[in-house]
Amino acid sequence: MNVDQLVVVLGDQLDPTSRLMREADRRRDVLVMAEVAEESLAPLSSKARTAFFLSAMRHFARERRGEGWRVHYSALDDPTSRGTLAGALEAAIEAFGPRRIVLLRPGDWRVLSALTAVAARHGCGMRVVEDDHFLTDLSTFAEWREREAGPVPELAPEPWPSLRLERFYRFQRRRLGLLLDERGRPVGGRWNFDAANRRSFGRGGPPPVPVRRGETPDATTRAVMRLVQKALADLPGGLEHFDWPVTRTAALAMLDDFVEHRLDGFGPWQDALWPGSSTLWHSRLSAALNVKLLSPQDVVARVLRAWNEGQARLESVEGFLRQIVGWREFVRGIYWSFAPRYHAANALGARNALPQWFWTGDVEARCLRDALSVSLTTGYAHHIQRLMVIGLAAMLLGVDPREVQRWFLAVYVDAVDWVETPNVVGLSQYADGGVVASKPYVASGRYVARMSS
């Protein structure tokens with residue numbers, strides 16, 4: 001078979017319009033995709049997270065075949081599977097003898113290192129294509145970082161420089177022209193409406209929350225769920241509540257549903273908690289974004305249209321876009337600035353083991369039991385449950401940050417290393433000594449009580 005390049009498509013790169021796909025040649029190249037046990041076992045991944053990735057990958061592969069692409073796809077239960085991404089790439093190299101391997105920059109330093117090593121062993125050239133999914137390429141972030149903190153050598157010793165979201169967010173707003181008036185000033189007279197976005201529900205609880213759209217698993221997803229239950233039965237969590245979008249069409253429908261029914265309420269109640277609730281007015285779009293079924297451009301355009309049409313208040317629009325154009329892009333820049341050493345950061349010297357009840361939810365404190373329960377059951381919790389309840393408990397208990405990272409990466413369906421590591425190491429555990437936060441992210445019991453039941 002005449003094959004020029006093997007084009008590696010990873011499970012978090014499911015965008016058919018990516019630069020990787022645009023530059024590939026369907027007549028001469030082969031797309032390589034692989035379901036491997038390694039990615040569910042080391043690092044550990046819950047049943048829901050595993051099923052989400054595998055189902056989304058299978059839908060993507062089927063759609064590409066329908067467009068005429070040659071897809072070399074290795075399923076989890078394929079008897080010839082070598083069980084690792086490196087092994088899958090080696091098998092494809094042996095089968096096709098390509099001139100070169102082409103790879104979109106992965107969201108995990110470990111994966112990039114492993115696949116680069118395979119190409120080198122087989123004498124294949126490898127080209128790593130920069131990911132144009134994001135609003136900010138890594139060179140732009142590096143230029144901003146150097147203006148803020150000076151050059152950061154590749155092997156810079158700790159302590160690393162302090163970088164702040166608010167300054168990056170304003171840089172982003174100006175650079176992208178978002179929510180600015182004709183004189184370049186922030187619409188509404190303020191860059192940040194965070195102070196207006198901390199309403200609690202009070203004793204009466206939340207007003208009626210609009211029913212959230214969920215996707216009924218189709219035949220492909222049901223087959224994946226059966227496979228996960230059989231082949232990876234010991235993974236944590238369950239699949240009883242699996243309703244994640246696994247196609248771009250479903251992800252766009254979820255975006256519309258959020259904007260039309262919950263965006264306006266997101267702002268005031270984004271920090272509020274209520275027993276048994278993991279979503280409330282939150283979008284739950286992060287999983288689709290992080291495997292690239294949605295782009296940040298999709299989300300920004302849809303949210304701005306809602307604001308222009310008077311469907312959502314400015315405080316909600318600004319608060320939501322701050323997460324997309326600010327925080328999400330910021331933590332990716334942090335990850336690639338300091339990985340892989342960032343994973344081992346432990347500024348507070350925390351060495352304790354993660355308690356077993358993190359995996360069961362069997363703990364006396366009710367707010368913690370509830371946050372753990374919804375996380376383990378659904379694979380999702382909003383940022384206050386993750387940070388001010390679960391993350392805070394881990395910090396107060398002195399849990400080794402690497403164990404906290406592994407737990408978050410295992411449990412949450414939207415978890416990818418580039419986003420989870422800075423959120424845990426920097427924001428949740430203050431293990432980086434102040435790179436992303438000016439102080440430990442500690443909430444008082446009074447604040448948790450005020451924001452919950």
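How many of the twelve residues of helix H17 are buried? I started there. I took helices as DSSP runs of H or I, at least four residues long, numbered from the N terminus. Buried means under 20% relative accessible area, exposed over 50%, and partly exposed in between, with a 1.4 Å probe and protein chains only. Twelve of the twelve residues of H17 (residues 417-428) are buried, so this helix is largely enclosed by the rest of the structure.

Before going on, I noted the ground rules. This is a predicted model, in which local features need pLDDT of at least 70, side-chain atom pairs count only at pLDDT 80 or more, and totals for chains, interfaces and linings use all residues. Residues are numbered from 1 along each chain as its sequence is written, and side-chain values use heavy atoms, with hydrogens and water left out.

**Entry: around H17.** I looked up what packs against H17, taking contact as heavy atoms within 4.5 Å. Its buried residues pack against helix H5 (109-121), H11, H13, helix H15 (383-396) and helix H16 (401-411). Among the buried residues are Trp418, Glu420 and Leu427. Tyrosine 430 follows H17 and has a positive phi, near 50 degrees.

**Entry: the core.** Next I checked the largest nonpolar core. Such a core is a set of buried Ala, Val, Leu, Ile, Met, Phe, Trp, Tyr and Cys residues joined through side-chain atoms within 4.5 Å. The largest has 154 residues, and Leu6, Phe330 and Trp407 have the most contacts inside it. Helix H13 (residues 314-338) gives the largest share, 13 residues. I then listed the contacts of phenylalanine 330 beyond four places in sequence; they include Phe141, Trp144, Phe168 and Val436.

**Entry: aromatic rings.** I counted rings of Phe, Tyr and Trp (its six-membered ring) as paired if their centres lie within 6.5 Å; planes under 30 degrees apart are stacked, over 60 edge-to-face, and the rest tilted. The count comes to 30 aromatic pairs. Tryptophan 144 and phenylalanine 168 have ring centres 5.1 Å apart and planes at 70 degrees, so I logged the pair as edge-to-face. The pair links distant parts of the chain, with tryptophan 144 in helix H6 (residues 138-149) and phenylalanine 168 in helix H7 (residues 165-176), 24 residues apart. Tryptophan 144 is buried at 2%, and phenylalanine 168 is buried at 0%. Phenylalanine 168 also pairs with phenylalanine 171, tilted, at 6.1 Å centre to centre and 40 degrees between the planes. These two are three residues apart in H7, about one helical turn. Phe141, Trp144, Phe168, Phe171, Trp327 and Phe330 form one aromatic cluster.

Entry: Which side chain of opposite charge is nearest to aspartate 271? I found arginine 198, 4.6 Å away. Lys and Arg count as positive, Asp and Glu as negative, and His and the chain ends are not counted. Aspartate 271 is buried yet has no salt bridge, which needs a side-chain nitrogen of Lys or Arg within 4 Å of a carboxyl oxygen of Asp or Glu. Aspartate 271 lies in the loop between helix H10 (263-269) and helix H11 (286-290). Its side chain makes polar contacts with the side chains of histidine 383 (3.0 Å) and tyrosine 447 (3.4 Å). A polar contact is a pair of N or O atoms within 3.5 Å; within protein, one must be able to donate a hydrogen and the other to accept it, and residues adjacent in sequence count only if both atoms are side-chain atoms.

Aspartate 370 is in helix H14 (residues 366-378) and is partly exposed at 22%. Its side chain reaches the backbone nitrogen of glycine 276 at 2.7 Å.
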